[in-house]
Amino acid sequence: CLSIAPAASAQEPSDRPSALERLAQFEQVFEQCSAGLLDEITSEAWAGFGVHGQLSADKTGAINQFRSFCENGTTFDFDVTINRHWAHDQVHTIAAVFSGVMIAAEGQPTPNNLRVTLIIAPDDTGTMLIQHSHISALR
């Protein structure tokens with residue numbers, strides 16, 4: 001469950017998702033293991049660092065890799081806490097911690113404590129999309 005601390009945020013049109021709503025949807029990507037939602041909430045130029053340190057070659061490759069995890073039976077169960085939320089004009093940087101477990105297809109749960117940083121900004125139509133993401137394991 002997403003735990004949102006109060007943060008000043010630039011106003012976005014009410015008919016479009018806000019930066020915080022995009023963070024909640026990013027959590028849903030994992031909770032629902034939804035490559036389709038990941039595609040929907042990220043820009044065409046989205047690039048991200050995975051927890052193993054590799055930079056996604058491109059959006060399609062990253063989404064296909066995530067889809068393969070899900071199709072192989074991997075599941076995720078995270079609680080999300082926002083550490084910081086910065087906004088300048090319409091560009092948002094959100095630093096959060098995703099804590100919980102990843103359960104591999106074999107059923108073995110692996111505890112995870114991940115720092116997730118998202119850069120969220122509007123596209124040409126004004127729709128807020130994740131432009132960049134970085135995930136790293138906290139010790």
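Two strands are treated as paired if DSSP finds at least two bridges between them. Strands (E, at least two residues) and helices (H or I, at least four) are DSSP runs, numbered from the N terminus. The structure is a predicted model, in which local features need pLDDT of at least 70 and side-chain atom pairs count only at pLDDT 80 or more, while totals for chains, interfaces and linings use all residues. Residues are numbered from 1 along each chain as its sequence is written, and side-chain values use heavy atoms, with hydrogens and water left out.

Strand S4 pairs with strand S5 (residues 109–122) through 12 bridges, and the two run antiparallel. Within this pairing, Val97 has Arg115 in S5 as its bridge partner. S4 and S5 form a hairpin with five residues between them, and Gly107 in the turn has a positive phi of about 95°. S4 is also joined to S3, by 13 bridges, again in an antiparallel arrangement. Here His88 has Val91 in S4 as its bridge partner. Two residues lie between the strands in the hairpin of S3 and S4, where Asp89 takes a positive phi near 55°.

His92 belongs to strand S4, which spans residues 91–103. Its relative accessibility is 0%, so His92 counts as buried (buried means under 20% relative accessible area, exposed over 50% and partly exposed in between, with a 1.4 Å probe and protein chains only). The side chains of His92 and His85 make a polar contact at 2.8 Å. A polar contact is a pair of N or O atoms within 3.5 Å; within protein, one must be able to donate a hydrogen and the other to accept it, and residues adjacent in sequence count only if both atoms are side-chain atoms.

The structure holds one disulfide, defined as a pair of cysteine sulfur atoms within 2.5 Å. The disulfide is formed by Cys33 and Cys70, with their sulfur atoms 2.0 Å apart. The torsion about the S-S bond of Cys33 and Cys70 is about -90°, and the disulfide is therefore left-handed. The pair links distant parts of the chain, 37 residues apart: Cys33 is in the loop between helix H1 (19–31) and helix H2 (35–41), and Cys70 is in helix H3 (residues 59–71). Cys70 is buried, at a relative accessible area of 17%.

Nine aromatic pairs are present in the structure. Rings of Phe, Tyr and Trp (its six-membered ring) pair if their centres lie within 6.5 Å; planes under 30 degrees apart count as stacked, over 60 as edge-to-face and the rest as tilted. The ring centres of Phe30 and Phe76 are 5.2 Å apart and the planes stand at 80°, so this pair is edge-to-face. It links distant parts of the chain, with Phe30 in helix H1 and Phe76 in strand S3 (residues 75–88), 46 residues apart. Phe30 is buried at 12% relative accessibility, and Phe76 is buried with a relative accessible area of 11%. Phe76 also forms a stacked pair with Phe66, 6.0 Å centre to centre and with 15° between the planes. Because Phe66 lies in helix H3 and Phe76 in strand S3, this pair ties together parts that are 10 residues apart in sequence. Phe66 counts as buried, at 8% relative accessibility. Phe26, Phe30, Phe66, Phe76, Phe78 and Phe98 form one aromatic cluster.
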